[in-house]
Amino acid sequence: MERPRAVVVSTASELRGFEPQRTDCWSSVTRVLLTDEQRIAYRLPPTEGKKNDPRWPAFAAKYGFDPARPVQWEAEALDRDELHALLMAGVDPYVDRGILAEVLADEQRQRAQLQTFVNGWPRR
């Protein structure tokens, strides 16, 4: 059985040290990152970071942040359309359009069958 692929939406800093292959449960990992440029351009608000994150001091020193005040930026704070575009760009290469069309057609058939059933249900 082929292992599934993972698409991870996160910030670059959150993925440092992230080792999805370590568990051997993914065939590949595509990282969709929130870049520093996006953080600045969208004026994303910082949130308090994890005080006990052992990676924070080195990250803070490298990027000029206060080592005593960990901060982070959430990918979810991006504009909904921008986040959607990033995610879709990461997922799109793995979507089999033929199978997707079959699944969507099957779902439409099931919806029609359910609607027929509901319409035939006695009303009070």
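Trainee: Where is the place of Q72?

Mentor: This is a predicted model, and in it Q72 sits in strand β4, residues 71-72.

Trainee: Is Q72 buried or exposed?

Mentor: A residue counts as buried under 20% relative accessible area. Q72 has 18% relative accessibility, so it is classed as buried.

Trainee: Which residues does Q72 touch, leaving aside those up to four places away in sequence?

Mentor: Its contacts of that kind are P45, P46, T47, E48, G49 and K50. The side chain of Q72 also makes a polar contact with the side chain of E74, at 2.7 Å.

Trainee: Which backbone angle of R43 is positive?

Mentor: Phi, at about 50°, although R43 is not a glycine. R43 belongs to the loop between α2 (36-41) and β3 (47-48). Exposed means over 50% relative accessible area; R43 counts as exposed because its relative accessibility is 74%.

Trainee: How do I read the span of helix α4?

Mentor: Compare the end-to-end C-alpha distance with the span expected at 1.5 Å a residue. Helix α4 (residues 80-91) has twelve residues and reaches 16 Å from its first C-alpha to its last, close to the expected 16 Å.

Trainee: What does the side chain of D79 reach at the start of α4?

Mentor: A side-chain oxygen of D79 comes to within 3.1 Å of the backbone nitrogen of D81.

Trainee: Which residues form a nonpolar patch on the surface?

Mentor: F117, V118 and W121 form one, with about 360 Å² of accessible area together. W121 is in the segment after α5 (97-120). With 55% relative accessibility, W121 counts as exposed.

How values were computed: Residues are numbered from 1 along each chain as its sequence is written. This is a predicted model: local features need pLDDT of at least 70, side-chain atom pairs count only at pLDDT 80 or more; totals for chains, interfaces and linings use all residues. Side-chain values use heavy atoms; hydrogens and water are left out. Helices (H or I, at least four residues) and strands (E, at least two) are DSSP runs, numbered from the N terminus. Buried means under 20% relative accessible area, exposed over 50%, partly exposed in between (1.4 Å probe, protein chains only). The expected span of a helix is 1.5 Å times one less than its number of residues. A polar contact is a pair of N or O atoms within 3.5 Å; within protein, one must be able to donate a hydrogen and the other to accept it, and residues adjacent in sequence count only if both atoms are side-chain atoms. Contact means heavy atoms within 4.5 Å. Patches are made of residues with over 30% relative accessible area and no salt bridge: like charges are joined within 9 Å, nonpolar side chains (Val, Leu, Ile, Met, Phe, Trp, Tyr) within 5 Å. Accessible areas come from the Shrake-Rupley method with a 1.4 Å probe; for residues, only the protein chains shown count as cover. A salt bridge is a side-chain nitrogen of Lys or Arg within 4 Å of a carboxyl oxygen of Asp or Glu.
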